[in-house]
Amino acid sequence: MSTSPTSSQMMPGMPARVSPGKLFMPQVYIMKVASRCNLDCKYCYMYNLADQTWRKQPRKMSEEVLRAVARKVALAGTPAQIIFHGGEPMLLGQDYYRRAVQIFREECPKVRLNFGMQTNATLLNDAWVDTLYELGIGVGVSLDGPEDVNDANRVYRGSGSGSHADVVGAVRRLQSSEKGSKVLGGALCVINLKQDPLRTYRHFVELGFKRISFLPMDGTYESPPPGKVAPFEDTPLADWLIPIFDEWFQNSQGVVVSLFEQIIQLIFGARGSYVDLLSTYPKALVVIETDGGIEPTDSLKSVADGLTKMGLNVLHNDMEDIFTKDLFLHLQAGEEGLAPKCKSCVYKYVCGGGLLAHRYSERNGFDNPTVYCADMYKLLGHIERRVGESLSPELMQRLRTAMARPPVAAREGGSPPALDA
Ligand code: SF4
């Protein structure tokens, strides 16, 4: 019998209580406007891992839900990132976004809003480019690398054929106009450890991307990510990323690799990170499902069916109600929420113990280092060394001091950074 947790259970590894003075209201809203997708990526946490609740979700988010979210954003009054996500958000058509942005503008006239969309881009055409530009929606494009790499996993639902050619066509379309270049954010690449890292990285550089976000595949100690093997002392992720880091560090060619830049900033003492698998800083993020459900970060769907279901909904709950739920508290627990090994780790403020989902085991709940711990330790050590070699001894000393300095507690002011969604 599985002992996978449900959201109603108190899980081991949860902090007993986080002081309300340390909690942040959401600043990033991942809007699951579409619960269906035209692709069927083999690793997708929405459809192909533990959670299957998408089957009961409405296909699209209603105007009522959009307006309820917008009112909560207005009430919070702080700048907000609104990320249209899915499923595939472009399945809903352009008029949906005209209306959605209009609703947010109507309800939040005094709030600085930043709109984004994470898309597989297979449906993008010239009309989409115009609409995204007109509405000020930046797009992140999901693509995993060269054709054979991408199409090993990112295939069309039904036919099973690869999506690479269509996505590259969409990227070219975006790059070929001033409007398109302005809305194109970066590439989001889910790492396939079986594939050649440098070939993968160079593909994005050759395509002209100026920003690349590498994401490790999701998994837990019970259902390890592809390539990770118990007792998890192997380092395939670090071994995959290190050659890319070396090439990028030697000559970045103007390309931002979010993971590397954020690691370097954290090594130098930055407090937070927009890469959500790094740093102990609070993750001020909510996921809004198509039915209005308020949920924590969606990578937790890889842990257990229904885990992210909190019983909260924008139609009848206050946003503050998230602070009555263990999973939300844990996402903002910072150092308090780390496993003992992480608390004594020299890289704790950089690594932050990894994504909550990647910490799960049946035995300890979330009270573990990330399943990628050995990888993170090796990667961070390598980056620290390489950066250190390029600095004077005096600067190295300052770097070490910065690493030993805890981040300023949230209650002392400041706000967590927006995430690379
Ligand atoms: S490297 Fe390992 S021990 Fe250190 S903070 Fe990360 S997960 Fe924890």
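Me: Which residues are closest to the ligand, and how many surround it?
Reply: The ligand is surrounded by 13 residues, and the closest are Cys-342, Cys-345, Cys-351, Pro-369 and Cys-373; a residue counts as near a molecule if its C-beta atom, placed from the backbone, lies within 6 Å of it. This is a predicted model, in which local features need pLDDT of at least 70 and side-chain atom pairs count only at pLDDT 80 or more, while totals for chains, interfaces and linings use all residues. Residues are numbered from 1 along each chain as its sequence is written.

Me: What's the shell around the ligand like by class?
Reply: The shell has 8 nonpolar, 3 polar and 2 charged residues, where Ala, Val, Leu, Ile, Met, Phe, Trp, Tyr, Cys and Pro count as nonpolar, Asp, Glu, Lys and Arg as charged, and the others, Gly among them, as polar.

Me: And which helices supply at least two residues of it?
Reply: Helix H11 (340–343), helix H12 (348–351) and helix H13 (373–389) each do, and H13 gives the most, with 3 residues. Helices (H or I, at least four residues) and strands (E, at least two) are DSSP runs, numbered from the N terminus.

Me: OK, H13 then. Which of its residues are buried?
Reply: Cys-373, Asp-375, Met-376, Leu-379, Leu-380, Ile-383 and Glu-384 are buried in H13. They cover an arc of only 150° around the axis, which puts them on the same side of H13; the arc is that of the directions from the helix axis to the C-beta atoms. Arg-385 and Glu-389, on the other side of H13, are exposed. A residue is buried if 20 or more other C-beta atoms lie within 10 Å of its own, exposed if 12 or fewer, and partly exposed in between, with C-beta atoms placed from the backbone.

Me: What do those buried residues pack against?
Reply: The buried residues of H13 pack against H8, helix H9 (258–267) and H12; two residues are in contact if their C-beta atoms, placed from the backbone, lie within 7 Å.

Me: Switching to the backbone, where are the cis peptide bonds at Gly-87 and Pro-231?
Reply: A cis bond joins Gly-86 and Gly-87, with omega about 15°, and Gly-87 is found in the loop between strand E2 (80–85) and helix H2 (94–107). The bond from Ala-230 to Pro-231 is also cis, with omega near 5°, and Pro-231 sits in the loop between strand E6 (211–215) and H8.

Me: What about Gln-118, buried or exposed?
Reply: Gln-118, which lies in strand E3 (residues 113–119), is buried, with 20 other C-beta atoms within 10 Å. The C-alpha atoms of Gln-118 and Gly-87 are separated by 9.6 Å, although the two residues are 31 residues apart along the chain.

Me: And Thr-119, what does it contact?
Reply: Leaving aside neighbours within four places in sequence, Thr-119 is in contact with Glu-88, Pro-89, Met-90, Val-139, Val-141 and Ser-142. Thr-119 is also found in strand E3 and is buried, with 25 other C-beta atoms within 10 Å.

Me: What is the phi of Ala-121, and what of Ser-279?
Reply: Ala-121 has a positive phi of about 65° although it is not a glycine, and it is found in the loop between E3 and helix H3 (126–135). Phi of Ser-279 is near 75°, a positive value in a residue other than glycine, and Ser-279 lies in the loop between H9 and strand E8 (285–288).
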